[in-house]
Amino acid sequence: MIPRNHPRYRSLKMRESLAAAARSGLVSFEGLAAHGRGEAFDYLIGERTTASAADAERLAAQLILSAVRPVFSVNGNCAALAADEIAALQKRTGVAVEVNLFHRTGERMQQVADHLTAHGVEVLTGECERLVPLEHDRGLCLPEGIGSADLILVALEDGDRCEALRKMGRVVIAIDLNPLSRTARLATLPIIDELTRTLPAITEACGTEMAGDLHTLAASIDNQKFLADALREMRERLA
Ligand code: ATP
C-alpha cells in the first residue's frame with residue numbers, strides 16, 4: 001500500500017497500475033520499459049506541463065476540431081494509463097478511437113478494446129488491412145479508421161509509423177515526453193508532456209479553441225520550436 005502523502009505517490013501509483021496491467025497482458029513487458037524512458041524525461045522536464053507544451057495542447061485542440069476524420073491510435077500503455085481521459089476527449093470531440101499494437105495478437109487487441117469500452121470509450125472495430133507501409137503489425141489498420149483519417153493522434157510509441165503516416169500526407173499529433181525521439185521529431189505537432197496531463201488539457205481546450213482549415217493550420221506549426229523549447233527547459237533544470 002503506497003501512502004497518499006508519499007512524495008512520489010502519483011508516479012508510484014502509475015507504476016503499480018502498469019505492473020498490474022502487464023501481469024494481465026493489457027500492457028506488454030516492453031511497454032514497461034517504454035514507460036521508464038518516459039518517466040526519465042518527465043523527471044528532466046520537472047513533471048509539469050511547460051508553457052510551450054500548454055501551447056501545443058491548445059494547437060492540438062484546434063487541429064482535432066478542424067479535422068474531418070480524426071482518429072486516436074491507442075496502444076496498451078496508453079489504454080492502461082488513460083482510458084478515462086480518452087473517453088472524455090472522445091465525448092468532447094467525437095474523435096474515433098482505434099487500437100493499434102506493436103505486440104499484436106488477436107487476444108491482446110480484444111483485451112485493450114474491452115478495457116477501453118469498460119471505461120466508456122467507443123472503439124472502432126472491423127477487418128484490418130496493411131494500409132500503412134510498415135512490415136510489422138502496426139501497419140495494420142482499419143480502412144474506415146486510421147486508413148482514411150486526415151489526422152492521427154499517436155502516443156507513447158516509436159517513430160517509424162509516425163514517419164510513414166507523414167509520408168502519406170496525414171497530420172500527426174504525437175504525445176511523447178522525449179523531445180529527441182523520432183516520433184516527436186517527425187510529427188506535425190509534438191506534445192512534449194505526460195499523457196495523463198496532456199489529454200485533459202486538450203479536452204479542456206476543445207471547449208474554447210476554434211476550428212479552422214486543417215492543412216493550413218498544420219502548415220503553420222513549427223515542430224522544431226516545441227522540441228527546442230522542451231530541450232531548453234530540461235537544460236535549465238540541469239544547470
Ligand atoms: P522513437 O522511434 O520515436 O525514437 P522510442 O524508441 O523512444 O521512439 P518507445 O521506446 O516505443 O519509442 O517509447 C515510447 C515513447 O513514449 C518514449 O519516447 C517515452 O519517452 C514516451 N513515453 C512513455 N511514457 C509516456 C507518458 N506517460 N507520457 C508521454 N510520453 C511517454
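Helices here are DSSP runs of H or I with at least four residues, and they are numbered from the N terminus. With that settled, note that this is a predicted model.

Helix 5 gives the most to the lining of the second largest pocket, namely four residues. This second largest pocket has a volume of about 240 Å³. Its lining counts 13 residues, and those closest to the centre are Met109, Ala113, Leu124, Thr125 and Gly126. Two elements give two or more residues to this lining: strand 2 (96–99) and helix 5 (106–118). Sorted by class, the lining of the second largest pocket comes out as seven nonpolar, four polar and two charged residues.

Now for the largest pocket, which has a volume of about 1100 Å³. It is lined by 46 residues, with Ala34, His35, Gly38, Asn77 and Leu156 the closest to its centre. Which helix gives the most to the lining of the largest pocket? That's helix 2, with 11 residues. Helix 1 (9–24), helix 4 (76–93), helix 7 and helix 8 (195–205) are also on the list of elements that each supply at least two residues of this lining.

The elements that give two or more residues to the shell around the ligand are helix 2 (29–45) and helix 7 (182–186). Helix 2 gives the most to that shell as well, with four residues. In total, 18 residues surround the ligand, and Arg37, Gly159, Asp176, Thr183 and Glu194 are the closest of them. The shell around the ligand is made up of five nonpolar, six polar and seven charged residues.

An N or O atom in the side chain of Arg37 is 2.6 Å from a ligand oxygen. For Thr183, an N or O atom of the side chain likewise has an oxygen atom of the ligand at 2.6 Å. How much of the ligand's accessible area does the protein cover? On its own, the ligand has 640 Å² of accessible area, and the protein covers 87% of that.

Rolling a probe the size of a water molecule over the atoms shows where empty space is left. How many cavities of 30 Å³ or more does a search of the whole structure find? It finds one, and the largest cavity has a volume of about 50 Å³. Ile45, Thr50, Ser52, Ala53, Ala56, Pro190, Ile191, Ile192, Phe226, Asp229 and Ala230 line the largest cavity. Helix 3 (51–66), strand 7 (189–191) and helix 10 (223–238) are the elements that give two or more residues to this lining. By class, the residues around the largest cavity divide into eight nonpolar, two polar and one charged.

Conventions: Residues are numbered from 1 along each chain as its sequence is written. This is a predicted model: local features need pLDDT of at least 70, side-chain atom pairs count only at pLDDT 80 or more; totals for chains, interfaces and linings use all residues. Side-chain values use heavy atoms; hydrogens and water are left out. A residue is near a molecule or strand if one of its heavy atoms lies within 4 Å of it. A polar contact is a pair of N or O atoms within 3.5 Å; within protein, one must be able to donate a hydrogen and the other to accept it, and residues adjacent in sequence count only if both atoms are side-chain atoms. Accessible areas come from the Shrake-Rupley method with a 1.4 Å probe; for residues, only the protein chains shown count as cover. Ala, Val, Leu, Ile, Met, Phe, Trp, Tyr, Cys and Pro count as nonpolar, Asp, Glu, Lys and Arg as charged, and the others, Gly among them, as polar. On a 1 Å grid over the protein atoms alone, a cavity is a set of points where a 1.4 Å probe fits but cannot get out, and a pocket is an open set with protein on both sides within 12 Å along at least five of seven lines; lining residues have an atom within 4 Å of a point. Grid points are joined across faces, edges and corners, and a volume is the space filled by probe spheres set on the points.
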